[in-house]
Amino acid sequence: MRSIWNGAISFGLVSIPIKLVNATESRSVSFRQIHTEDGGRVRYKKVCELDGEEVPQAEIGKAYEDADGTMIPITEEDLASLPLPTAKTIEIVAFVPAGDIDPLQMDAAYYLSANGVPAAKPYTLLREALKRSEKVAVAKYALRGRERLGMLRVVDDVIAMHGLLWPDEIRAPEGVAPENPVSVRDAELDLADALMATLGEVDMSTLHDDYRTAVEEMIAAKAEGGEGVAPPTTGEEPGGGQVIDLMAALENSVRAAKEARGEQEEGKGEAEVTPLKPRAARAPKATDAKKSTSKTAAKKTAAPARKSTAKTATKKTTAKGTATKSTATKKTAAKKTTAKKATPRKRTA
C-alpha cells in the first residue's frame, strides 16, 4: 500500500519512524455529469471573477475571506512559518481507556507502518504495551496543513490510528430528542428485548452494499445494450406516515425474524416474552358498596314482580270464575230449550 505521509511517533524520548497508510477505501460507484442532449461531458472551469478568464492550476493560491468580503492572501510560506511541533510527528499526549473516546469523534482511519528495520523494535514495544494496558493512545499530528487529534490502537499486529474531531467540533444534540414526554411499558420493552435476542449477532464480514451491487448490475446491463434491471417488487414502503400499533409491530417483527432464521416458534433457547400483567383489582370498599347497592336494587325489583304475579293470579282466577258461570248459564239455557221442544202443541178443533 502506498504511504500518504512519513514521520515519526513520539513516545516520550522514544522516536519511532513510521509511514501513514490509508486503512479504508471508498467503493461507491461514481458518476460523471453529461449534456443530456448529446451525451458530452460537462466539466468545470476555474474562472477569475475579475477578468472572466480561465485560470491554470499553477496560478491558483489560497486566501481567507474576511467578514466584509475582503480576500486576505495566504501563501505556503506563511503556513510553513507557523510553530507547529507536530508537523512531522505523531505526538502521544496520554493513554486512556478506549471507552473514554466518544464514537462521535471518530474520523478517518490509517495504518501505521514501521519505516525501516531500526523502527521495528520500538514499534513492537509500543504495540505490546498498548495490548497489555488495554488502553489507547491519544496523540496530536499534522496532516494536509492543519493540526489534528488522533487515537492509536492495536488491530491484529498493526498499530492503527483513527483521526478524531476536536471536542469543540462535536455539536450538542439540542432539539433532537422528542419534545413530548413518552412512556414505554414493560411489555413493550420485553418485546423489544425478544426482537433483539431473535435477531442475534452478525458476522460483520458478511455484510455488503446491496445498492452498489444493484447499480453495477444495472450499468452492466445497459452497457450490453439492454434496458437495465427491472426494479424489484417490494411491499408497502415502511413508515408511510401511518399510526401503527407498536405492540403488534414488535410481535410481527419477532415472528418474521424467527421465520427468517428458520427457528421454530417453540424451542430451547427461544427468547421469552413476558405476558401483559392483569389490571389491579378495585378497592374492597368500593366493591362491597357496589354489591350492597346491587342487592338493594334487586330487592326493589323483586317486590313489584310479586305484586305483578299476584295480580296475574287474580286475573286468572276471575277469568276461571267467569268461564264457569258462563258455562253454567249455557247449560241452563239448553235445558229450557229442550223442555220447550218436548211440550206437545194443542190442536185447534
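Hi everyone, let me start in helix α4, residues 210–223, where R212 and E216 sit 4 residues apart, about one turn of the helix. Helices here are DSSP runs of H or I with at least four residues, strands are E runs of at least two, and both are numbered from the N terminus. The side chains of R212 and E216 form a salt bridge at 3.8 Å, N to O, the criterion being a side-chain nitrogen of Lys or Arg within 4 Å of a carboxyl oxygen of Asp or Glu. R212 is partly exposed at 23% relative accessible area, and E216 is partly exposed too, at 42%. For those labels, buried is under 20% relative accessible area, exposed is over 50%, and partly exposed is in between, with a 1.4 Å probe and protein chains only.

A quick word on the source: this is a predicted model, where local features need pLDDT of at least 70 and side-chain atom pairs count only at pLDDT 80 or more, while totals for chains, interfaces and linings use all residues. Residues are numbered from 1 along each chain as its sequence is written, and side-chain values use heavy atoms, with hydrogens and water left out.

Back to the charges. How many salt bridges does a search of the whole structure find? The search gives 8. One of them joins E76 and K62, at 3.5 Å from N to O. E76 belongs to helix α1 (residues 76–80) and K62 to strand β3 (residues 62–65), so this pair ties together parts 14 residues apart in sequence. Another joins E128 and R127, at 3.1 Å. Here R127 is buried, with 14% relative accessible area, whereas E128 is partly exposed at 36%. Those two also take part in a salt-bridge network with K131 and D157.

Now the sheet. 7 strands close into a barrel, in the order β1-β2-β6-β9-β8-β7-β5, with mixed pairing; strands pair if DSSP finds at least two bridges between them. On average, neighbouring strands of this sheet are turned by 40 degrees against each other, direction ignored. That angle comes from axes fitted to C-alpha atoms, for helices over the stretch in contact, and angles run from 0 to 180 degrees between N-to-C directions. Strands β7 (residues 135–143) and β8 (residues 146–155) run antiparallel and are joined by 7 bridges. A137 stands opposite L152 in β8.

L152 comes up again in the largest nonpolar core, which has 20 residues; I9, I18, I90, L112, L152 and M161 touch the most other members. A core here means buried Ala, Val, Leu, Ile, Met, Phe, Trp, Tyr and Cys residues joined through side-chain atoms within 4.5 Å. Strand β7 gives the largest share, 4 residues. M161 touches residues including L20, I90, L112, Y141 and L152, leaving out those up to four places away in sequence; contact means heavy atoms within 4.5 Å. A separate core of 8 residues includes L191, L195, M247 and L250.

Finally, T198, in helix α3 (residues 186–199). T198 is buried, at 6% relative accessibility. A polar atom of its side chain lies 2.7 Å from the backbone oxygen of A194. Polar contacts are N or O pairs within 3.5 Å; within protein, one atom must be able to donate a hydrogen and the other to accept it, and residues adjacent in sequence count only if both atoms are side-chain atoms. Beyond its neighbours within four places in sequence, T198 contacts V254, A257, K258 and R261. Thanks, everyone!
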